[in-house]
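Please open the model in a viewer and keep the sequence panel at hand. The stops below proceed from the whole chain to single residues.

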Amino acid sequence: MTFKKIVKSIAFGALLFMSAQPVTAQDLLARQAPVDRKMKRVDTLALQNLINRENIQSPSAELYDDWDNTYAHKATELPDSFRIDLRHFHMPTTSRVVTSNFGSRWGRQHKGIDLKVYIGDTIRSAFSGKVRMVKYERGGYGKYIVIRHSNGLETIYGHLSKQLVEENQVVRAGEVIGLGGNTGRSTGSHLHFETRLCGVALNPAILFDFRAQDVVADSYLFRKNTYMAESSEANRLRGKIGNGSYTREEVQGEMAYGSETEQVAEEKQYHKVAKGETLSAIAKKRGVSVSSLCKLNRISKRTRLRPGQILRYS
């Protein structure tokens, strides 16, 4: 092979090599692109997990400056507007009977809603969150629990007979947190349920419809300048009467906190019918006569009882 042919061969080979280079680089980039997308997704998930962990450690940090286990509520500055996410909720109790509404009562402000429950009834967390307080207050809430939620709310559960969670414990929506009771300033078993934003009491009726056992919508837009009007309207729409198990006369003056003067109506006692129970079995259990049960509840001895039905026995 002559020198001229050798130079031509080298030049031709170099040209082939140089023309092949861009294709190889493009192939590398094409193969790298899915890897980059996967890494981006991993980074996004890692960031989201980090945010979720931080939110669990300090729920609603954008609204609250501190995490303190010494006070039930402390009013701070309210935002002019704030959207509260009501999805992924759980009703705190299956009771549909509201015995006392939010608002003015006996010359003072009632900062929550009272729901008729019996001692030992299951009480659940309304939303996922972190338990801020588990305390006892003799002259007020009795045994109570405060939970801060990532949607900005804090919920308070008062007059419990037993608290089943600890402070700083993370709970899920619907998780059992306590049992219904009659502790503290209470004259009959019930659940005192509060919803607060930045320590300020909101009417639970604007968020929950206890008769329907549901939230009013997927979210609630809190507006500081219209809140009180919306609260009054919620009271009017929801009312006090539950699912028909009580008459209006039975609901009026139902056991709650008690008044400033400690003038409390005579306590009425009720029995929740279990599956298979008869009037005679209930009468024997409660130490009353069948005739007395029939008279108090305006039923006859032949009335068929329903599981979950409420009967007054004293």
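What percentage of the 314 residues in the protein do buried residues make up? Buried residues make up 40% of them, where buried means under 20% relative accessible area, exposed over 50%, and partly exposed in between (1.4 Å probe, protein chains only).

This is a predicted model, in which local features need pLDDT of at least 70 and side-chain atom pairs count only at pLDDT 80 or more, while totals for chains, interfaces and linings use all residues. Residues are numbered from 1 along each chain as its sequence is written, and side-chain values use heavy atoms, with hydrogens and water left out.

**The whole chain**

Display the cartoon. The secondary structure comes to five helices and 19 strands; helices (H or I, at least four residues) and strands (E, at least two) are DSSP runs, numbered from the N terminus. Among contacts between residues at least 6 apart in sequence, 67% join residues at least 24 apart, contact meaning heavy atoms within 4.5 Å.

**The nonpolar cores**

Select Y157 and F208. These residues have the most contacts inside the largest nonpolar core, which has 40 residues. A nonpolar core is a set of buried Ala, Val, Leu, Ile, Met, Phe, Trp, Tyr and Cys residues joined through side-chain atoms within 4.5 Å. Among the elements that give two or more residues to this core are strand 1, strand 8 (142–149), strand 9 (153–160), strand 17 and helix 2 (227–238). A second, separate core has 10 residues, including L279, L305, L311 and Y313.

**Strands 1 and 17**

Select residues 81–85 and 219–223. Strand 1 (residues 81–85) and strand 17 pair in the antiparallel sense over five bridges; two strands pair if DSSP finds at least two bridges between them. Within this pairing, F82 stands opposite F222 in strand 17. Strand 17 (residues 219–223) has a covered face formed by Y220 and F222, whereas S219, L221 and R223 lie on its uncovered face.

**N235 in helix 2**

Move to N235, whose place is in helix 2. At 18% relative accessibility, N235 counts as buried. Leaving aside neighbours within four places in sequence, N235 is in contact with N101, F102, N203 and A205. For a distance label, take N235 and I206: they are 29 residues apart in sequence and 8.2 Å apart in space, C-alpha to C-alpha.

Select residues 122–124, 162–163 and 176–179 next. Three strands form an open sheet here in the order 6-12-10, with antiparallel pairing. Strand 6 (122–124) and strand 10 (162–163) are the edge strands, since each pairs on one side only. Strand 6 is joined to strand 12 (residues 176–179) by three bridges, and T122 stands opposite L179 in strand 12.

**Salt bridges**

Show the charged side chains. How many salt bridges does the structure hold? The structure holds eight, a salt bridge being a side-chain nitrogen of Lys or Arg within 4 Å of a carboxyl oxygen of Asp or Glu.

- D85 and R87 meet through their side chains at 3.0 Å, N to O. D85 is partly exposed at 28% relative accessibility, and R87 is partly exposed with a relative accessible area of 47%.
- R172 and E175 form a salt bridge at 3.9 Å, N to O. R172 counts as exposed, at 58% relative accessibility.
- R148 forms a salt bridge with E154, the closest N and O atoms being 2.7 Å apart. Both R148 and E154 are buried. Salt bridges that share partners join R132, R148 and E154 into one network.

**Helix 4**

Select residues 279–286. Which residues of helix 4 are buried? The buried residues of helix 4 (residues 279–286) are L279, I282 and A283. They cover an arc of only 100 degrees around the axis, and therefore lie on the same side of helix 4; the arc is that of the directions from the helix axis to the C-beta atoms. On the other side of helix 4, K284 and K285 are exposed. The buried residues pack against strand 18 (270–272), helix 5 (290–297) and strand 19 (310–312). Helix 4 is followed by G287, whose phi is positive, near 70 degrees.

**Cysteines**

Finish with C198 and C294. C198 counts as buried at 1% relative accessibility, and C294 counts as buried at 7%. The structure holds zero disulfides, a disulfide being a pair of cysteine sulfur atoms within 2.5 Å.
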